Each structure stands twice: as structure tokens, then as C-alpha cells.
Amino acid sequence: MTLPEIWGGIECTVLRVNGQWRDQLRETGHHHRATDLDQVASLGVRRLRYPVLWERVAPKSLLDCDWSWSDARLARLQSLGIAPIAGLIHHGSGPAYTDLLDPRFPEKLAAYAALAAARYPWVMDWTPVNEPLTTARFSALYAHWHPHESDERSFLTALMNECRGTALAMRAIRKVQPEARLVQTEDLGKVFATEPLLDQAEHENTRRWLSLDLLCGRVDRDHPLYPALIAAGVLPEHLEELVAEPCVPDVLGINHYVTSDRFLDHRVGLYHPSLAGEGGGGRRYVDTEAVRVPVPRSELGFEPRLREAWERYRLPIAVTEAHLGCEDPDESARWLLETWNAAVSLRGEGVDILAVTPWSLFGAMDWVSLLRRSDGAYEPGVFDARFSPPRPTPLAGVVRALATDGRFSGPLAQKPGWWRRPDRFVVKPELWGEEARPAA
């Protein structure tokens, strides 16, 4: 059996939060360190998710682009034999002259994509919008990021703009490079719940597929979320256009974090008061990480989520983000190894898993607050950028071994990660109760 490849990824989010711009490339120092790419090459990585971000290249106008940084970095990748997967928007809302609710956002993104493709016609792999569903939720449903809205109409408008923008962008790119591939990333988790909250869990588990359903042309009049889209003001002709001419991903990029699977519990008294909040229908309940409660472990993590994505779409899949931010670097290595083992196991079952991507190669800043605060809270990745040059963490040896040999053995691999240990629970199993068996 041929093993999956190891790709790489550099955290590159550029977005607005309460009128301030956050740029992870600058905050982690990668913007200033061209030698980072040589360190990436030393890992044996031959494909790298890399930014050619609209907000950085054309912050004022598409008539005033500065390609100098991208030119230098992409040329260096070429010389190192590393193929880029070019990202155009990474959790952002575009430059200051647009945003996710702009009716012309799709056309503006496509215009930028055309310029990027003309500049780099040799680039074969593109991600016009990273994690559109997650970005739309955080920006237009939860109000974390610009444009800081918190209603379903804004959320669905933003998501449709991102998906239609992706389709138009790929159309523009393929006019330059007909063989260009869409590597479409999306965070994928599952929601579990106690009996009184099953309707909320069902809604969220249907919604989690919406961006990919839109791109795959599945959102027709029979789709369960079609009425909500129309009620939100999405034009029927735009939905019909995606059904008639879908933008099916060439590679389905699945991102999954230890916090991606969630559990909804109406029994708020079992938890710390800070975990309770008001959700759909004005009901008060806890929304916590599913790994923190006694959900069967076989239901959680990368393996069941990747299997679900394969069964739904039957498209080639890559794990495009595997990252665990924590104080113990060995735990991050264990998360990557668990991800790798899941990918290898599924590939053995016939699932077309192409690659696993260690994310945040040079770490990330302030993701513990979803970038809403500037606390200088740095999380190392494969390299620790607090040193000059960045210093390899225990992850580096794991990545290098997987990229070159397809396996890793060592003491850190013998101990289960914290998400698999009994001390992970926020509710003791003996207090759980048979009547509260979690349901999906």
C-alpha cells in the first residue's frame, strides 16, 4: 500500500478584529525570515500550503498590487522543489474595500485570482477561500471577526459569497492554467447532544456540510437548507448556477482539531458556570469539547470524520491541518501521529487519502482567544519561532520521519494523548448517568 504524503502549512491568517488588522505572518516572524523555507525543505515536505493573500498584495486597490514578497517566496519554493498550494483568503474578509457581505465580493475575489494566476501560471494548486463555513460562522454568526455580525441572514450571505467567489475565482484561474486544481479546505467536526438538544445537534450537523454541498452543486430545492438560504436573501439564480456548473474540489481538505467535535448538554449544573450559555431557541445549555465528556472514543477524532467526508462526497481527501496547541510539545506530536495512523488505516480500507499536513509549522499567535485579544500568546508548531533561527520542536523529528520513512517510533508515541486519558473529563463518568448517554 502506498502511504499518504506529508504536506506542510504555515499559519497565515490576515483579518480584521474590531477595526484592527491581524497578520499572523508578521506576528510569528515568518514575513521577515526567508530562511524558514529552507527549514521546511529539511523536513522532506514537497507540497506547502502558502499565502498569496489578497489583503497583503492589494490592500488598497487591484490597480496597486505589490507582488514583491510573494515573488521572492514562491521563487524560493520553486528552487527548493516544493509545490505551493496558493491561498488567496485565509479567514479574512478581503481588503478594506470589500467584506464578506459585499454583494460584489465574489467578482472582486475572482478579479484578484485572475491577477494571481497570471503572475504565477505555473502554480497548479489553489485555495481561494480557506474554511469558508468556519470563517462565515466566526465573522457573521458569532461576531468574532469583521464584519462582526451575529444573525443567520448575515452568516448565509457571507457563506454564499465565499462559495460563489471560490467558483468564480477557479474559473478565472483555469482560464490561465486549465489544469489548476481546487484544494478546498474546511474544518470538520460533529455535534453530539443529550436528548433535549438533539434538534440543535441535528441542525448543526446538517449545516457543517453546507459550504462543500454548495461547491459540489448539491444545494437544490430539495436541500434541507435551501429555504433558509432563500429567506436570507440569497438569489435563487446564484444557487441554480452552482447546481448547473458546480465547482467540485479536486482535493477535499479536511481540518480537524481536538476541539472540533462538540457536545451539547442541557444539564448545566454538572459543569462550571462559565461553560453555560444561551443557544438556539433561548435554551440554556453547555457547549463543550466532546473529548471532555464520556462520548465513545471511537466516535471522535480524525478517523470517523474523514470516513464521513469520504462516504458523503467520494472525493480525494487530504488532511490539510493537523495541529494541537499546548504547553507540552510531546502532546502535539501524539496528535499528529494519531492523525497519521487514522489516514493510513483509512487508506488501507480504500479511502483516497492523499496527505497529512502538519499545520502552523512556525507556530501561531493568539489563537487561544481566536485573535480577539492581543496577548502575545504564542503556540509553537514544528518550529519554535521565539528563537532565532526558529528551533525545531519534537514535532520536527516526527514530521521528518513520516515524510521520509512513513513511520515513527519513539517513547513519546507510547503514551496516549491527553484527549485519550481518563483525566480529561470535565464531568466524571460516574456522574454522567445512563439516561444521559450522548447521541449524535
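Residues are numbered from 1 along each chain as its sequence is written. In this predicted model, local features need pLDDT of at least 70 and side-chain atom pairs count only at pLDDT 80 or more, whereas totals for chains, interfaces and linings use all residues; side-chain values use heavy atoms, without hydrogens and water.

The protein contains 15 helices and 19 strands, assigned as DSSP runs numbered from the N terminus (helices H or I, at least four residues; strands E, at least two). Along the principal axes, the C-alpha atoms fill a box of roughly 60 × 55 × 45 Å.

Of the 440 residues, 58% are buried (under 20% relative accessible area, 1.4 Å probe, protein chains only). Contacts (heavy atoms within 4.5 Å) between residues at least 6 apart in sequence join residues at least 24 apart in 74% of cases.

An open sheet of 9 strands shows parallel pairing in the order 1-15-14-10-8-7-6-5-2, where pairing requires at least two DSSP bridges between two strands. Strand 1 (5-6) and strand 2 (8-9) form the edges, each pairing on one side only. Within this sheet, strand 8 (residues 181-187) and strand 10 (residues 251-255) run parallel and are joined by 5 bridges. Thr185 has Gly253 of strand 10 as its bridge partner.

Terms used:
Buried means under 20% relative accessible area, exposed over 50%, partly exposed in between (1.4 Å probe, protein chains only).
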